[in-house]
There are 2 protein chains.
Amino acid sequence: MSPSAITPPTERETVSELTAQGIEHSLSKTAPSLLKQQAKDALLTDAAVETKSNGTKLARAPATLLPELDASLLTTTYNPNPRPVPLPGSPEEASQQVCTDHMIQAKWTVSQGWHAPALLPYGPLSLMPTCSVLHYATECFEGMKLYRGHDGHLRLFRPHLNCARMLMSTQRIALPSFPPSQLLHLITKLCATDGEKWLPRDRPGAFLYIRPTMIASDPALGVQQPKEALLFIILACFPSMDAPAGGMRLLASKDDMIRAWPGGFGYAKLGANYGPSLVAQGEARARGYHQILWLFGDECRVTEAGASNFFVVWRTREGQVQLVTAPLGAKIILDGVTRRSVLELARERLGKGGQGLEKVEVVERNFTMVEVEEAVVEGRLLEAFTAGTAFFISPIGHIHFRGKDLEVPMGGGEAGVYTALVKGWLKGIMWGTEQHEWGYVVEEEKR
Amino acid sequence: MSPSAITPPTERETVSELTAQGIEHSLSKTAPSLLKQQAKDALLTDAAVETKSNGTKLARAPATLLPELDASLLTTTYNPNPRPVPLPGSPEEASQQVCTDHMIQAKWTVSQGWHAPALLPYGPLSLMPTCSVLHYATECFEGMKLYRGHDGHLRLFRPHLNCARMLMSTQRIALPSFPPSQLLHLITKLCATDGEKWLPRDRPGAFLYIRPTMIASDPALGVQQPKEALLFIILACFPSMDAPAGGMRLLASKDDMIRAWPGGFGYAKLGANYGPSLVAQGEARARGYHQILWLFGDECRVTEAGASNFFVVWRTREGQVQLVTAPLGAKIILDGVTRRSVLELARERLGKGGQGLEKVEVVERNFTMVEVEEAVVEGRLLEAFTAGTAFFISPIGHIHFRGKDLEVPMGGGEAGVYTALVKGWLKGIMWGTEQHEWGYVVEEEKR
């Protein structure tokens, strides 16, 4: 099977997303699909070697003769016991435990490089009790969604960004590198295999959650760089979690619990960023909040909310409407694909005003809870929302900060006007009511 | 099987280690073994509820009717296919991959509490690809050793401290609590079962590495507090790693790679502290160093070395000999059992001088690489060593700090005088050439 056999022929995304700025304009956006795909593959591979992502030099291992991850070598074993698809809104869906009929696995060893990947029936992994990942958190993952469009197509959303970020994450946790294009081929193949059944055409607006994961699988207790690893990709049924009644309620973190720090790994999608957040998250839920609003430093800089990026829309004292989120420079927050997309769409579509809206200034800068509090008190806080894959765009209704309850406007309804606009634009691209280069169509396989 | 049936009758350790200071003196040290054990059990359980360990309030869940971890419910299935014991110094031993014939497992669920633990043949775990620990690093562990003494006995070293720290770690990573005394019973049982064969009496001075581990086993992708967990205990064959030729060579960490941070989790034995250190460790090894010397802050405070605590012995400018290590207050370093034991022995046995040695002042305080460098330059640095379970007491011969190579004296031989003294005392207690309350004798089971 050649890579092109598992590559969807329709390529609406630009080739530029993963490339250095100097490269992106050299590629014709009118090139034929295949040429574009080849160019993209090359760039993705190059990107893996040289591109800086989130300021991180992606230091891939020196070229060796060991095999690279190669989607064209995929072997296929279909599931002889497929399971029924949970109904939308069912407890099964809400459990986040149900996966589709198949998964993809690929093994890596330091002596042999990447082995041929395999599409297999979904099922348990067998790991020795000494397995590195169970002791040393040698693990990273990505979160993406597969959307069943209102036009009948299956789409991914800017998947190249996730594949590049996965590579970046592996490099922070000493896991093996790979060509991001090959990961994308594998993801696409799994989606193409299970999409037809698990996202029926009569349920437009539905989605599956895609979880590419890499773990160190060495059966050895020594604290050392992994010599074996396993990449696996699964598709899970997830509920929609983007519109909690009354808006999301956030509890600001306390001094004794911080999510990330400079010189740490808050910018990478490592398991090590999530488990240690669960005590604070549990306390928040026990007190009636949905998520922790993670602050940093004595000045209470606002960083992330739960496992999402955090945005405010406020009016400055000078009268300017601003969309503000924390910057990536300190490397303590995740370079979210949804975050980046919100910023790009807002700059493009809100930056000049019009259609009855004021001009919105889009700002990435450090800001503090004191600023947020002042904006609330002075009536200048217009809206706030979180942005991420799992929780998508979730309007915020309330923030508790050091004994104070801050009410956040939601436009008198389910979301403020800017939140609703951005969310609507993204939905349109994801579910195909707006044809956009960020929507990456997956050609389904009929079996 | 009652708990006492798997408790060794010989109790040399004081009951005071895990207790609040106010409690420890109320217990007679001349009480009979059984009474002492009962008292210790009660204290261990109380400790789980109330004791502060490393400054952390151990917040156990409110009492419920759900079953606690109970070693007396242990079921036993012996391994029908036992494997041969690797020879000392063999590649098998060095691989850190060989475990003994058995393991202990205990499952916990939020709805049913702790299930009956089981002693089983050592073998793989079956985990769903959605398993929490593979994505969110919901895991913690302990490191201990089982020693075959020169007097023929098997011993643990201050195991209550490890069991209490394991509880503390679980609470930082949202895993379930348990009575530390029950964990100790289970560890003891596994050691009693496999000790006879895997630490033959004709190999005094040998040891096995004990790894109690807890992982969240929920098969669900939601980022949430675990609803299922698995405790397992394994015994691995480990090489001795405490005397690298020429001493340990350390590479001081750089600004862009920080192990831990106040408000983080550097004080807990979480997987999340280890995986993210491997990139720096790999760079160190590639450059010819054994471990990273972890610094913190603009002032380059010295915290840990590799996964061990770090000690220096220097002469102050006023002429005083001091043994110095970083304090626990900021909660960025591990409260090591070996660290604590070094401090206690040094205070007791070096604090007054004698036997041809100067009086040594034992100091826990923040100190910086600048101070270490000045001591080297001025000829005041006498020795340095790391202290931990895996690497035991390892003399340091060299530190590379921001372009400078600092040579650390090793007394002209394998270790400086203070390093050798402390190491010798600990060895004596661990291998039974000194009868000491810290040595915890395990009664072997003959099968």
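User: How many salt bridges are there between domain 1 of chain A and domain 2 of chain A?
Analyst: Two, in this predicted model.

User: What does A:Glu344 pair with?
Analyst: A:Glu344 forms a salt bridge with A:Arg158. Their closest N and O atoms are 3.1 Å apart.

User: And how many residue pairs are in polar contact across that interface?
Analyst: The count is 12 residue pairs, both residues at pLDDT 80 or more.

User: Which elements on the domain 1 side touch domain 2?
Analyst: Three elements of chain A give two or more residues each: β8 (139-141), β9 (144-148) and α5 (159-172). α5(A) gives the most, with six residues. By class, that side has 10 nonpolar, four polar and eight charged residues.

User: Back up a bit. Where are the two domains of chain A?
Analyst: Domain 1 is assigned to 10-43 + 62-80 + 88-240 + 431-447. Domain 2 covers 248-415. Taken over C-alpha atoms, their centres lie 28 Å apart. Domain 1 brings 22 residues to the contact, and domain 2 brings 20.

User: What area is buried between them?
Analyst: About 1800 Å². Carbon and sulfur atoms give 61% of that. On the domain 1 side, A:Phe141, A:Arg165 and A:Arg172 supply 31% of the area buried against domain 2, more than any other three residues.

User: New topic: chains A and B. What rotation superposes chain A on chain B?
Analyst: A rotation of 180 degrees, with 0.0 Å of shift along its axis. The RMSD is 0.0 Å. That is the relation of a two-fold axis. The same surface serves both copies, with 98% of the contact residues of chain A recurring in chain B.

User: How many residues does each chain put into the contact?
Analyst: Chain A gives 62 residues and chain B gives 63. Together the chains bury about 5100 Å², with 64% of it on carbon and sulfur atoms. In chain A, A:Pro129, A:Leu134 and A:Trp261 lose the most area to chain B. Together they make up 12% of what that side buries.

User: Which element gives the largest share of chain A's side?
Analyst: α7(A), with five residues. Other elements giving two or more residues include β7 (125-127), α4 (132-136) and β11 (207-216).

User: How do the residues on that side divide?
Analyst: Into 37 nonpolar, 19 polar and six charged.

Key. Residues numbered from 1 in each chain as written. Chains lettered and ligands numbered in written order. Predicted model: local features only at pLDDT ≥ 70, side-chain atom pairs only at ≥ 80, totals over all residues. Heavy atoms only, no water. Domains from an automatic or database assignment. Contact = heavy atoms within 4.5 Å. Buried area = accessible area lost by both parts, 1.4 Å probe. Salt bridge = Lys/Arg side-chain N within 4 Å of Asp/Glu carboxyl O. Polar contact = N/O pair within 3.5 Å; in protein donor to acceptor, adjacent residues only side chain to side chain. Helix = DSSP H or I, 4+ residues; strand = E, 2+ residues; numbered from the N terminus. Nonpolar A, V, L, I, M, F, W, Y, C, P; charged D, E, K, R; others polar. Least-squares fit on C-alpha atoms with pLDDT ≥ 70 in both.
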